Amino acid sequence: TVNRYLRKHKLICPSISEKNKRAWLAKQLREGLKKTNLTVKYRPPAKLKDYQPGALIEKDMKLIPTIGKIPMNSGRFHIKDHFNYQHTFLDSFTRIRGLELTPEPDSLAARLAYVKIRERMPFPIASVNTDSGGENGKDFKEQLAADEVIHFYSRTGTPTDNPRVERSHLTDDNEFWKRGHNYRPFEEQRQALVNWEYIYNYLRPNQALG
C-alpha cells in the first residue's frame with residue numbers, strides 16, 4: 001500500500017526501485033540464500049535447436065484413446081475414463097525420442113515419465129521446452145529444477161514453437177497407433193510404446209537425418 005501511494009504521487013523512482021530489487025536478488029544468489037530460477041516464461045533461443053545433443057528437448061503430451069478403461073461415471077463423459085496419455089520427449093538435434101504412457105494427465109505423471117526417459121536418453125538433458133499445460137507444472141517443474149534443467153515455455157496456442165515433437169506425433173498415428181497397436185492391459189500398451197520408441201530411434205529411416 002505504501003509503495004502504491006508513493007508511485008501514484010511520483011515520490012519514488014521506479015528505475016531505482018528495480019535496481020535495488022535486482023541488487024538484492026544478486027546478493028541472495030551469491031550467498032546461496034536463493035537458487036537460480038531455471039524456469040523462464042519464454043521460448044528457447046533459436047540456436048539451441050541445432051546446438052548439440054541434449055541441448056534442447058521438445059516435450060508434448062498426446063491423448064491416446066483406449067479400449068482398456070471402463071467409464072466410472074455411466075451416462076456422463078469424463079475424458080480420463082477414455083484416454084491414456086503419451087508423453088513425448090524429442091531431442092531437437094538428433095531427433096531421438098523418449099516415449100512414456102501414463103494413465104493420468106497430471107504433473108506427477110509427467111514427472112515419472114521424465115525420470116524414466118531421462119535414464120534411457122543417450123546424453124544428458126540441458127533444457128526442455130513445453131507448452132503451458134497443467135501436466136508441465138508443479139511436480140514436473142520441480143523435478144527439472146532438481147536436475148538443474150532449464151525449463152522454457154512455448155507461446156500459448158502456438159504448436160509451431162515445438163514443431164519437431166508435434167510432427168513426430170503424426171508419425172506415431174500413421175505408423176503405430178493406426179496399425180493396431182492398441183492393447184487392453186495398460187502395462188502391455190506401455191511396453192509396446194517403449195518398443196516403438198526403439199524402432200523409431202534406431203531402426204526406422206529418418207529423412208531429416210538423411
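1. Val165 is found in helix H5, and in this predicted model its relative accessibility of 0% is the reason why Val165 counts as buried, given that the cut-off for that label is under 20%. Leaving aside neighbours within four places in sequence, Val165 is in contact with Glu58, Asp60, Thr88 and Leu90. The C-alpha atom of Val165 lies 8.2 Å from that of Ser92, although 73 residues separate the two in sequence.

2. The strands form an open sheet of six, in the order S1-S6-S5-S2-S3-S4 and with mixed pairing. Strand S1 (39-40) and S4 stand at the edges with a single partner strand each, so one side of each is left without a neighbour in the sheet. Elsewhere in the sheet, strand S2 (residues 57-65) pairs with strand S5 (residues 127-130) in the parallel sense, over two bridges, and Ile57 has Val128 of S5 as its bridge partner.

3. S3 and S4 pair in the antiparallel sense over six bridges, and they form a hairpin with five residues between them, where Arg95 in the turn has a positive phi of about 70°. The bridge partner of Phe89 in S4 is Gly98.

4. As a check on geometry, the 18 residues of H6 should span 26 Å at 1.5 Å a residue, and the end C-alpha atoms are 25 Å apart, which agrees.

5. The largest nonpolar core has 13 residues, and those with the most contacts inside it are Ile57, Phe89, Tyr114, Met121, Ile125, Val128 and Phe140. Helix H3 (107-120) and H4 are the elements that give two or more residues to this core, with H3 giving the most, at three residues. A second, separate core of nine residues includes Leu99, Leu101, Trp177 and Leu193.

6. Leaving aside its neighbours within four places in sequence, Phe89 is in contact with Ile57, Glu58, Lys59, Ile96, Arg97, Gly98, Tyr114, Ile117, Met121 and Phe140. Among these partners, Ile57, Tyr114, Met121 and Phe140 are also listed with the most contacts inside the largest core.

7. On aromatic geometry, the count comes to seven aromatic pairs. Tyr114 and Phe140 form one that is edge-to-face, with 6.0 Å centre to centre and 85° between the planes. Tyr114 lies in helix H3 and Phe140 in helix H4, so this pair ties together parts that are 26 residues apart in sequence. Tyr114 is buried, as is Phe140. Phe176 and Trp177 form an edge-to-face pair as well, at 4.8 Å centre to centre and with 80° between the planes; both of these residues are buried. Phe176, Trp177, Trp196 and Tyr200 form one aromatic cluster.

8. Lys59 lies over the face of Phe140, at 5.2 Å from the ring centre, and Arg97 lies over the face of Tyr200, at 3.8 Å from the ring centre.

9. Is Lys138 buried or exposed? Lys138 has its place in helix H4 (residues 138-146) and, at 54% relative accessibility, counts as exposed, because the cut-off for that label is over 50%. The C-alpha atoms of Lys138 and Leu108 are separated by 7.9 Å, while the two residues are 30 apart along the chain.

Technical notes. Residues are numbered from 1 along each chain as its sequence is written. This is a predicted model: local features need pLDDT of at least 70, side-chain atom pairs count only at pLDDT 80 or more; totals for chains, interfaces and linings use all residues. Side-chain values use heavy atoms; hydrogens and water are left out. Helices (H or I, at least four residues) and strands (E, at least two) are DSSP runs, numbered from the N terminus. Buried means under 20% relative accessible area, exposed over 50%, partly exposed in between (1.4 Å probe, protein chains only). A nonpolar core is a set of buried Ala, Val, Leu, Ile, Met, Phe, Trp, Tyr and Cys residues joined through side-chain atoms within 4.5 Å. Contact means heavy atoms within 4.5 Å. The expected span of a helix is 1.5 Å times one less than its number of residues. Two strands pair if DSSP finds at least two bridges between them. Rings of Phe, Tyr and Trp (its six-membered ring) pair if their centres lie within 6.5 Å; planes under 30 degrees apart count as stacked, over 60 as edge-to-face and the rest as tilted. A charge sits over a ring if NZ of Lys or CZ of Arg is within 6 Å of the ring centre and within 35 degrees of the ring normal.
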